[in-house]
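Here's a quick briefing to read with the model open in your viewer. Have a look at the structure first, then go through the notes below.

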Amino acid sequence: MQAAQNELITRIGPGTPCGDLMRRYWQPVALLDEFDPRLDPRMAERPLKAVRLLGQDLVLFKDAAGGWGLLDRDCPHRGADLAFARHEADGIRCPFHGWKFAADGRCLDTPAEPAGSTLCKRVRQRSYPVQVAAGVLFAYLGAEGSTPPALPLLDCFAAPASHSFAFKGLWHCNWLQAFEVGMDPAHASFLHRFLFDEPLAGAYGRQFRGASAGDVQGERWPMTRVLREFCSPEIRHEELAPGITRLTSLRAINDTLTHVRVTNAIFPHTFVIPLSETLTITQMHVPVDDTHTYWFSFFTGFAEPLDRETMRQQRLAHVTLPDYVPRKGRHNDWGYSAEEQRTRTYLGMGEDDINVHDQWAVESMGAIQDRTREHLGQSDKVIMANRRTLLQAIETVRNGGTPPMALTPEQAAATTGPDTIDCIAPAQGWLAHWQQAAAAKREGAAWLNEAAKSVASPQAALPHSA
Ligand code: FES
Ligand SMILES: [Fe+2]
């Protein structure tokens, strides 16, 4: 890849072509948890925090009526930092000269101006639409006056709070290399390889520690065993709709059995993967700026309600609040141990948190991967296809068109699923087998409506956006 092309697909600041594309979508900007005083005591007194998204500095706050405000961070008077604003019931007030702004950006007061001044009426701070979905605040940073798209009715947004849990973490690298991990089914056999399996009983909420659905001659196999013993998957990919790619990774176990893992890549930066037989992870890779990314993970349960507190505590152990910065990183070699690498894991960066494995992979490439120096192989074909889609979408937006997954409400309502699976299937008939297993999982989700339950059928085509 040429250097200029790499610049084009990675830079997302205001005014850049890829930034314009990213601004056509709702972007996660914070967890609702970040405003929970039990996790951040400062929020009891002042529910306001500075956030950075797509290279823009913003303040996000909750007013007394429960509404959310997302405003540019520099005060429109003389540019002081509104992250230090006084929080008042119906807005926030800049401490420099007391100008006050409502959640929608209206200027409510300019107290240093003479009585009768109309300056206030002529000033407006840029504000951005905010909505809450699946425990996360989403922001729309599109052009002023433009209509935001609708959020697709993916499983993670359809599930009730009892069956969903959201978490996030910061990576010190560009968004695209973070996302490209999700389109790379081969890496799990190496980067996440455990040299020993653990008892399945302790697997709750932990990626790859659970069993693949099904059995091998009556024996339940942990995913770790499948990934370790069969490390050269056949990777197939198909576009279910513009912007939704299904990846099927096949690992032949013996003459009669095949391991099937079905994951999905959703444009521009989401993947959907199985965590266990009844849990999925939807992960978005949100550009903070060109060299920082928050991954937002949405865990969705298809059977019993989630044990959200256990899942939260498992993950809080690996980050520092309030910014969800991983405890491990470049500063401490991501916790690397040569001894562990020799005796326990392929990578040597711990067994409890597989996230640090991916973190090392994407951060160690450098802040923005130099794609002029890479050599892609067969196992990277989905990454290549996605880059073509990305370049095309940038061009579409440049020409005033609508990119994939910028959906109308009708399209969004029909964009359900997508299915994931990790199962052991008959070598002959694996396709029907996994689709039946996925349909059964959907059938078991009491919260799914009938239309969404039928998504497992390949004929139930997802809508094509304009
Ligand atoms: S700079 Fe904010 S009120 Fe003057
Ligand atoms: Fe991974």
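Let's start with the inside of this predicted model. The largest cavity is lined by 17 residues, and Tyr 25, Trp 26, Leu 151, Pro 152 and Phe 267 are the ones nearest its centre.

**Cavities**
- The count comes to four cavities of 30 Å³ or more.
- The largest cavity has a volume of about 180 Å³.
- Its lining is heavy on nonpolar residues: 14 are nonpolar, three are polar and no charged residue takes part.

**Iron site**
- The iron ion (ligand 2) is held by NE2 of His 187, NE2 of His 192 and two OD contacts from Asp 358, at 2.0 to 2.8 Å.
- Along the chain, the donors of this iron ion follow the spacing H-x4-H-x165-D.
- The arrangement is irregular because the four donor atoms subtend angles of 51 to 151 degrees around the iron ion.
- For reference, ideal angles are 109.5 degrees for four tetrahedral donors.
- Both histidines, His 187 and His 192, are buried.

**Helix 10**
- Helix 10 spans residues 355–363 and is mostly covered, with eight of its nine residues buried.
- Asp 358, which coordinates the iron ion (ligand 2), is one of those buried residues.
- Also buried in helix 10 are Asn 355, Val 356, His 357, Gln 359, Ala 361, Val 362 and Glu 363.
- The cover over these buried residues includes strand 11 (164–171), helix 6 (175–180), strand 17 (292–301) and strand 19 (325–326).

How values were computed. Residues numbered from 1 in each chain as written. Chains lettered and ligands numbered in written order. Predicted model: local features only at pLDDT ≥ 70, side-chain atom pairs only at ≥ 80, totals over all residues. Heavy atoms only, no water. Donors = N, O, S within 2.8 Å, 3.2 Å for Na, K, Ca; no water. Tetrahedral: all angles 85-135°; square planar, octahedral: opposite > 155°, others 65-115°. Buried < 20%, exposed > 50% of the residue type's maximum accessible area, 1.4 Å probe, protein only. 1 Å grid on protein atoms, 1.4 Å probe; cavity = no way out; pocket = protein on both sides within 12 Å on 5 of 7 lines; lining within 4 Å. Points joined across faces, edges and corners; volume = space filled by probe spheres on them. Nonpolar A, V, L, I, M, F, W, Y, C, P; charged D, E, K, R; others polar. Helix = DSSP H or I, 4+ residues; strand = E, 2+ residues; numbered from the N terminus. Contact = heavy atoms within 4.5 Å.
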